[in-house]
Amino acid sequence: MHRPLRRVLTLAALILAVTSARAALQTQNIVGGLTPTDLVNAILGSGVAISNVSLRGCETGLGTFTGGTGIIDLESGLVMSSGNIASAVGPNQFTGISTTCEGEGDSDLNALVSPLGTFDSAVLEFDFVPTGSTVAFQYVFASEEYNEFVNVQYNDVFAFFVNGENFALLPGTSNAVAVNNVNLDTNALLYHDNDLQPGPRDTEADGLTQVLSFTAPVNAGQTNHIKLAIADTSDNAYDSWIFVGASSLSSTTADVAIEEKGKAIVLNVDIGETGKGLGFIEGAGFALLPTGSAAIVSAGVITNPPGLSVVTKKPDKQRKFNKKGRAKLRLKLNPSGKQLLKQQGELPALVIVNVTDKDGKSVNFQKLVKFRR
Ligand SMILES: [Ca+2]
Ligand SMILES: [Ca+2]
Ligand SMILES: [Ca+2]
Ligand SMILES: [Ca+2]
């Protein structure tokens with residue numbers, strides 16, 4: 001598939017970007033003076049000490065953002081792009097805004113899209129010492145490759161490698177979050193379509209994921225390494241972006257195991273003995289997925305769009321942990337959910353758990369599960 005209009009669109013985009021003076025979303029790149037450490041501080045939360053920060057790749061592809069509430073559903077933080085972070089600013093005026101920085105790809109990302117290659121990579125790496133056994137943060141992936149280049153070779157990709165392994169995976173799977181894995185047809189529950197000029201969201205991105213939770217196991221109290229990377233795939237056109245939420249990079253001992261028990265889901269949440277009944281769970285809930293529909297998920301809260309069958313049991317109730325730092329929460333199908341299960345035999349659901357420990361540290365867990373008849 002060829003993309004003959006790419007250069008024309010790029011020029012038009014530049015002219016309009018200069019003459020357009022509005023939009024809530026704002027970005028600042030490293031050309032403006034932000035240091036590598038500034039970028040990490042933009043996402044640094046509790047329980048993590050950082051060092052040895054380095055970056056490489058497109059200068060226009062590394063920086064910070066503000067004003068994202070209601071647009072990408074993260075207010076501020078770090079933004080990285082396979083082109084220009086500033087081109088994410090809305091409204092959506094083009095089907096394929098493109099920034100070519102003549103940049104190289106990334107060998108670790110190449111491995112994820114093999115046999116395809118990557119271009120215009122932006123990479124941020126650093127060491128960190130976590131207090132707990134996991135590291136977590138909140139993020140959103142967005143791309144201009146939506147929706148016209150889904151399931152072809154322009155499968156723009158990113159990854160968050162912790163101690164060499166990518167944990168930026170679709171909840172409950174070993175699949176990387178990428179254009180071909182989250183879109184209108186695949187994992188639509190995690191996708192926001194914005195492919196209109198202008199789109200419903202005030203960003204140039206034609207599509208973006210829900211706010212996703214990144215969680216990875218780490219060695220508590222020791223030096224660990226993380227590498228955040230994004231790149232174009234197959235050519236250097238059509239920008240993609242990742243946004244990481246401010247103060248969301250944190251370490252906790254919280255862990256959530258999810259048991260699928262027929263028409264119920266049991267959440268076993270463990271924050272260890274240091275919790276001692278002081279922590280709590282909030283915002284636990286889940287949403288079913290009718291064909292072509294998507295739940296709106298933000299910070300552990302599900303809002304149901306028209307036609308979506310939501311199944312929650314006291315989702316907003318806070319559950320305290322026992323003396324061993326454990327709590328159990330059972331989520332059941334409501335009557336309409338049971339009816340859907342009867343008709344379809346199997347129902348995918350996105351389970352969301354928000355855990356806050358005794359120190360006030362919050363961590364958000366998400367997992368795709370299936371109810372079976
Ligand atoms: Ca590019
Ligand atoms: Ca597009
Ligand atoms: Ca666009
Ligand atoms: Ca691209």
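Strands here are DSSP runs of at least two E residues and helices are runs of at least four H or I residues, both numbered from the N terminus.

**Entry 1: what I have open.** This is a predicted model, so I started with the confidence values. The mean pLDDT of the protein chain is 81, with 75% of its residues at 70 or more. Residues 11-23 fall below 50, and I found seven contacts for that stretch beyond near neighbours in sequence. Residues 289-308 also stay under 50, and for them the model has 46 contacts beyond four places in sequence.

**Entry 2: overall make-up.** I counted four helices and 24 strands in the protein chain. Of the 373 residues, 53% are buried. I then took the contacts with a separation of 6 or more: 74% of them link residues 24 or more positions apart.

**Entry 3: the cores.** Which residues touch the most other members of the largest nonpolar core? I get Met-80, Val-140 and Phe-243, in a core of 77 residues. Strand S6 (residues 134-143) gives this core its largest share, seven residues. I also noted a second, separate core of 15 residues, with Ala-254, Val-256, Phe-321 and Val-353 among them. As background, nonpolar side chains tend to be buried together in soluble globular proteins.

Back to Phe-243, leaving out residues up to four places away in sequence. Its contacts include Phe-65, Ile-72, Leu-74 and Val-79, plus the glycines Gly-68 and Gly-77. Tyr-139 and Val-140 are on the list too.

**Entry 4: a five-strand sheet.** I traced an open sheet in the order S2-S5-S12-S7-S8, paired antiparallel. Which strands stand at the edges? They are S2 (48-57) and S8 (165-166); each has a single partner strand, so one side of each has no neighbour in the sheet. Further in, I checked how S7 (residues 157-162) meets S12: six bridges, running antiparallel. For Phe-158, the bridge partner in S12 is Ile-230.

**Entry 5: Ala-231.** I stopped at Ala-231, which sits in strand S12 (residues 224-233). Is Ala-231 buried or exposed? It has 32 C-beta neighbours inside 10 Å, so it counts as buried; the cut-off is 20 or more. Thr-118 is 113 residues away from Ala-231 in sequence, yet their C-alpha atoms are 5.8 Å apart. Beyond four places in sequence, the contacts of Ala-231 include Thr-118, Phe-119, Asp-120 and Ser-121. Gly-105, Asp-106 and Leu-109 are also on that list, as are Ser-82 and Val-157.

**Entry 6: cis peptides.** I looked for cis bonds and noted one between Ser-114 and Pro-115, with omega about 10°. Pro-115 is in the loop between helix H3 (107-113) and strand S5 (118-130). I noted another between Tyr-146 and Asn-147, where omega is about -25°. Asn-147 lies in the loop between S6 and S7.

**Entry 7: positive phi.** Asp-73 is not a glycine, but its phi is positive, about 70°. I place Asp-73 in the loop between strand S3 (62-66) and strand S4 (77-81). Asp-73 counts as buried because it has 21 C-beta neighbours inside 10 Å. Asn-151 is another non-glycine residue with a positive phi, near 65°, and its place is in the loop between S6 and S7. Is Asn-151 buried or exposed? I make it exposed, because 12 other C-beta atoms lie within 10 Å, and 12 or fewer is the limit for that class.

Technical notes: Residues are numbered from 1 along each chain as its sequence is written. Chains are lettered from A and ligands numbered from 1 in the order in which they are written. This is a predicted model: local features need pLDDT of at least 70, side-chain atom pairs count only at pLDDT 80 or more; totals for chains, interfaces and linings use all residues. pLDDT is the predictor's confidence in each residue, from 0 to 100. Two residues are in contact if their C-beta atoms, placed from the backbone, lie within 7 Å. A nonpolar core is a set of buried Ala, Val, Leu, Ile, Met, Phe, Trp, Tyr and Cys residues joined through C-beta atoms within 7 Å. Two strands pair if DSSP finds at least two bridges between them.
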